Amino acid sequence: MGLADFLDSCADPTAGLGAVRLVGADVFLPHVVLNCPLTARDAEVVAASFEVFPPIAEPAAPEQRIMAWHDWSTARLLAALTGDRAVTVPDDAAAVLGSPERWAGWSVAVAQLSSLAHPGATGPVVDAVAAQPLALCRGVLRTVLRRDFGTASRLTRWVALVHAAGVRLPVDPVTLVDHVALRVGSEPRRLLDLTVARHLVGAA
């Protein structure tokens with residue numbers, strides 16, 4: 001089912017557009033991973049979601065910065081798939097992630113931006129995360145030890161992306177994916193993150 005079909009099936013179209021905005025760039029995974037063409041109607045659904053729920057113009061609070069980068073990733077992929085002009089970054093990556101020296105808080109922000117970690121992903125946040133493999137791995141191992149597998153699945157996705165980019169890591173990403181997968185449960189968001197991670201490490 002495409003995005004237009006999904007919206008047509010919604011009893012409340014506004015709620016459907018809200019769901020599209022919430023999922024963000026991950027609505028494009030079939031096109032990014034499987035090279036499925038994006039139809040004009042599906043592109044219009046994503047554009048309409050931005051019209052109904054406008055992005056934050058000047059993010060200031062941490063939550064606003066997270067959402068601004070979330071929206072940027074969606075808009076950037078939409079532009080890439082439709083041939084539109086490039087999208088301006090909303091902020092400095094350091095402003096949204098914080099200092100990697102305070103890796104526990106830094107990794108929480110990284111996890112909240114898991115939709116930016118898709119196959120072929122580039123950009124300031126991706127570069128910033130890839131430059132801090134130790135902080136990233138400390139963060140994901142902390143969540144595993146705390147049995148916070150919702151956050152662990154999101155960080156595992158980042159670990160897989162950084163590994164796919166050729167960065168040396170202090171953990172084995174395939175073992176990490178397998179370990180988290182056994183414990184992540186059946187919540188769709190977690191399963192999506194693990195599916196992307198498996199694809200990135202070639203374990204799908």
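How do the axes of helix α4 and helix α5 cross, and within what distance do they come? I began there, keeping in mind that this is a predicted model.

**Entry 1: α4 and α5.** I looked up the two helices and found α4 at residues 40-52 and α5 at residues 62-82. Their axes come within 11 Å and cross at roughly 150°. I noted the crossing of α4 past α5 as left-handed. Next I listed the residues that meet. From α4 they are A43, V46, A47 and F50; from α5 they are D71, T74, A75, L78 and T82. Sorted by class, this contact has 6 nonpolar, 2 polar and 1 charged residues.

**Entry 2: aromatic rings.** I stayed with α5, which holds both W69 and W72. These two tryptophans are 3 residues apart, about one turn of the helix. The count of aromatic pairs came to 1. W69 and W72 form that pair, with 5.1 Å from centre to centre. Their planes stand at 75° to each other, and I recorded the pair as edge-to-face because planes over 60 degrees apart count as such.

**Entry 3: the largest pocket.** I then turned to pockets. The largest has a volume of about 470 Å³. I counted 23 residues in its lining, and those nearest its centre are D26, V27, L29, P30 and L192. Elements giving two or more residues to this lining are α1 (3-9), α2 (13-23), α3 (29-34) and α12 (188-201). By class, I noted 16 nonpolar, 4 polar and 3 charged residues in the lining of the largest pocket.

Terms used: Residues are numbered from 1 along each chain as its sequence is written. This is a predicted model: local features need pLDDT of at least 70, side-chain atom pairs count only at pLDDT 80 or more; totals for chains, interfaces and linings use all residues. Side-chain values use heavy atoms; hydrogens and water are left out. On a 1 Å grid over the protein atoms alone, a cavity is a set of points where a 1.4 Å probe fits but cannot get out, and a pocket is an open set with protein on both sides within 12 Å along at least five of seven lines; lining residues have an atom within 4 Å of a point. Grid points are joined across faces, edges and corners, and a volume is the space filled by probe spheres set on the points. Helices (H or I, at least four residues) and strands (E, at least two) are DSSP runs, numbered from the N terminus. Ala, Val, Leu, Ile, Met, Phe, Trp, Tyr, Cys and Pro count as nonpolar, Asp, Glu, Lys and Arg as charged, and the others, Gly among them, as polar. Axes are lines fitted to C-alpha atoms, for helices over the stretch in contact, and angles run from 0 to 180 degrees between N-to-C directions. A crossing is left-handed if the near helix is turned anticlockwise from the far one by less than a right angle, and right-handed if clockwise. Contact means heavy atoms within 4.5 Å. Rings of Phe, Tyr and Trp (its six-membered ring) pair if their centres lie within 6.5 Å; planes under 30 degrees apart count as stacked, over 60 as edge-to-face and the rest as tilted.
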